[in-house]
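Here is a walk through one model, taken one packing contact at a time. Keep the structure open as you read.

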Amino acid sequence: MEYFKLPKNTARLIVLQRIELTSPFLRKLRKLFGRYVFSSFITKYFLNPSYIGKEYYRVMLKEFLSIEQFINQNDKSFLSIGAGVGGLEIIINNTFKNNNYYFIERNFISKKVRYGWGGMVNSEGYNNLELQKDFLITNEMSESQINIFDYDKDTLPEKKFDVIISLLSLDYHYDFNLYSEYLKKISKDDTKIIFDTIRADYFKKIFKNVNIIRSDTNVIHKSKRILCSHFLN
Ligand SMILES: C[S@@+](CC[C@H](N)C(=O)[O-])C[C@H]1O[C@@H](n2cnc3c(N)ncnc32)[C@H](O)[C@@H]1O
């Protein structure tokens, strides 16, 4: 597999989740007309789904390579918080077979897409859970592996996970503390919790183990990707 298959509506979602995937021309249009016009109209007429399918695969493969060494065959149960449509999970599944994937996401697209820090006020969403499920199945994840939960409506899964992943979502767009009590319930001491943050040191008070696995100096946020385990209390 070298690209993801996706219809136009899914391509529209993906560029809201990952703005860097649009062409320089479209990014210029976004600057010119603003985010609302961009997400409502421009993405409707000017997106090339096969280009987005290739670019999204390329970027997700890069993300996968940043975490691959920390995952192994014994990890069977994955939770992703704010996975977008789930390209990274497809690549994980292609590499380490037979996993179960749980997704907590949101089932709406914010009118005004904001890419900043919302703290405990977490009102942004850029997903459509039906399109997400179709995307996962179209790209070779089997239906029995997929469990999708709507953050705003569903009771969240209460089981112990081996790996919890949240790229550019938890503690990047909204406060970790929104999920901290829940994460304590669903993790074992050796559950690997991977997410992006600009305050890596803060987590030394929360977890016994905190490792910086990637530093991103090119993005506005200057975030770090951290791998944590073992809640201290
Ligand atoms: C910037 S996108 C990143 C998507 C994906 N992780 C990636 O790296 O391409 C942030 C995602 O978090 C989701 N999100 C926002 N608030 C959330 C919440 N409280 N729980 C779960 N997901 C959330 C959004 O719908 C969106 O898909």
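Helix axes here are lines fitted to C-alpha atoms over the stretch in contact, and angles run from 0 to 180 degrees between N-to-C directions. Helices (H or I, at least four residues) and strands (E, at least two) are DSSP runs, numbered from the N terminus. The model is predicted: local features need pLDDT of at least 70, side-chain atom pairs count only at pLDDT 80 or more, and totals for chains, interfaces and linings use all residues. Residue numbers start from 1 along each chain as its sequence is written.

Start with H2 (residues 24-33) and H3 (residues 35-46). They pack at about 145 degrees, axes 8 Å apart. The crossing is right-handed; that is, the near helix is turned clockwise from the far one by less than a right angle, with anticlockwise being left-handed. Contact means C-beta atoms, placed from the backbone, within 7 Å. On the H2 side stand Leu-26, Leu-29, Arg-30 and Phe-33; H3 answers with Arg-35, Val-37, Phe-38, Ile-42 and Phe-46. By class, that contact has 7 nonpolar, no polar and 2 charged residues. Nonpolar covers Ala, Val, Leu, Ile, Met, Phe, Trp, Tyr, Cys and Pro; charged covers Asp, Glu, Lys and Arg; the others, Gly among them, are polar.

Move on to H4 (residues 49-67) and H5 (residues 87-95). Their angle is about 65 degrees, with axes 9 Å apart. This crossing is right-handed too. H4 brings Tyr-56, Tyr-57, Met-60, Leu-61, Glu-63 and Phe-64 against Gly-87, Leu-88, Ile-91 and Ile-92 of H5. The classes are 8 nonpolar, 1 polar and 1 charged.

Why is H5 largely enclosed by the rest of the structure? Because 7 of its 9 residues are buried. Buried means 20 or more other C-beta atoms within 10 Å of the residue's own; 12 or fewer is exposed, and in between is partly exposed, with C-beta atoms placed from the backbone. The buried residues of H5 run from Gly-87 through Leu-88, Glu-89, Ile-90, Ile-91 and Ile-92 to Asn-93. They pack against H4, strand S1 (77-81), strand S2 (100-105) and helix H6 (129-138).

Now the core. A nonpolar core joins buried Ala, Val, Leu, Ile, Met, Phe, Trp, Tyr and Cys residues through C-beta atoms within 7 Å. The largest has 46 residues, and Ile-14, Ile-52, Tyr-56, Phe-78 and Ile-164 touch the most other members. Helix H1 (residues 8-17) gives the most to this core, 5 residues.

Technical notes. Contact = placed C-beta atoms within 7 Å.
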